[in-house]
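Let's walk through this fold together, starting with the overall layout and then moving to the rings and a helix crossing.

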Amino acid sequence: MVEKSMLDVAYEMIVARGEPVSFKDIWGRIMATLPDTPANRMARFYTNMTLDGRFVALGGNMWDLRTNYTYKQLYEDARGVFRDVEEIEEEKEIDPFEEPEEELLGEAEEAEAEESEIEEFEKEIE
């Protein structure tokens, strides 16, 4: 008898349910179906799921089959997120050679403190 792989168990579970499944539920099924699976293999299994082209992570630790989604459904949202980040970066237009204002304020306060210390020292000497 051929033992199923953890990925095959996950695939069959998602097909049977017909809807997205949490990773916790998938791992629970694997531990029930393949009792000899060491519990410390969870991280490796998670990585394998991300690399297996049959699965797609939906966020919120929910997983589904990639075949249940169109390319547009999976990747349009991601492009929107990156587009927002680009717009934010364009708004900032950071000059890499310009010191941030916070640092400049801190330096001004330090300079004032040094000046007052010098004045106090000079008064003590006189």
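**A walk through the fold**

Among contacts in the protein (heavy atoms within 4.5 Å) between residues at least 6 apart in sequence, 44% join residues at least 24 apart. Before going further, some housekeeping: this is a predicted model, where local features need pLDDT of at least 70 and side-chain atom pairs count only at pLDDT 80 or more, while totals for chains, interfaces and linings use all residues. Residues are numbered from 1 along each chain as its sequence is written, and side-chain values use heavy atoms, with hydrogens and water left out.

The protein has five helices and three strands, where helices (H or I, at least four residues) and strands (E, at least two) are DSSP runs, numbered from the N terminus. Read from that end, the order is α-β-α-α-β-β-α-α. Of the 126 residues, 19% count as buried; buried means under 20% relative accessible area, exposed over 50%, and partly exposed in between, with a 1.4 Å probe and protein chains only.

Now for the rings. A search of the whole structure turns up five aromatic pairs. Rings of Phe, Tyr and Trp (its six-membered ring) pair if their centres lie within 6.5 Å, and planes under 30 degrees apart count as stacked, over 60 as edge-to-face and the rest as tilted. Take F23 and Y46: this pair is edge-to-face, at 5.0 Å centre to centre with 75 degrees between the planes. F23 sits in helix α2 (residues 23-33) and Y46 in helix α3 (residues 42-51), so the pair ties together parts that are 23 residues apart in sequence. F23 is buried at 5% relative accessible area, whereas Y46 is partly exposed at 33%.

Y46 also pairs edge-to-face with W63, at 5.4 Å centre to centre and 90 degrees between the planes. That pair links helix α3 to strand β3 (residues 62-65), with the two residues 17 apart. W63 is buried, at 1% relative accessibility. Step back, and ring pairs link F23, W27, F45, Y46 and W63 into a cluster.

Helix α2 has another partner to look at. Its axis and that of α1 (residues 6-17) come within 9 Å and cross at roughly 120 degrees; axes here are lines fitted to C-alpha atoms, for helices over the stretch in contact, and angles run from 0 to 180 degrees between N-to-C directions. α1 and α2 are therefore oblique to each other (under 35 degrees is roughly parallel, over 145 roughly antiparallel, 65 to 115 roughly perpendicular, and the rest oblique). On the α1 side the contact includes M6, V9 and A10, and on the α2 side I26, W27 and I30 are among the residues involved.
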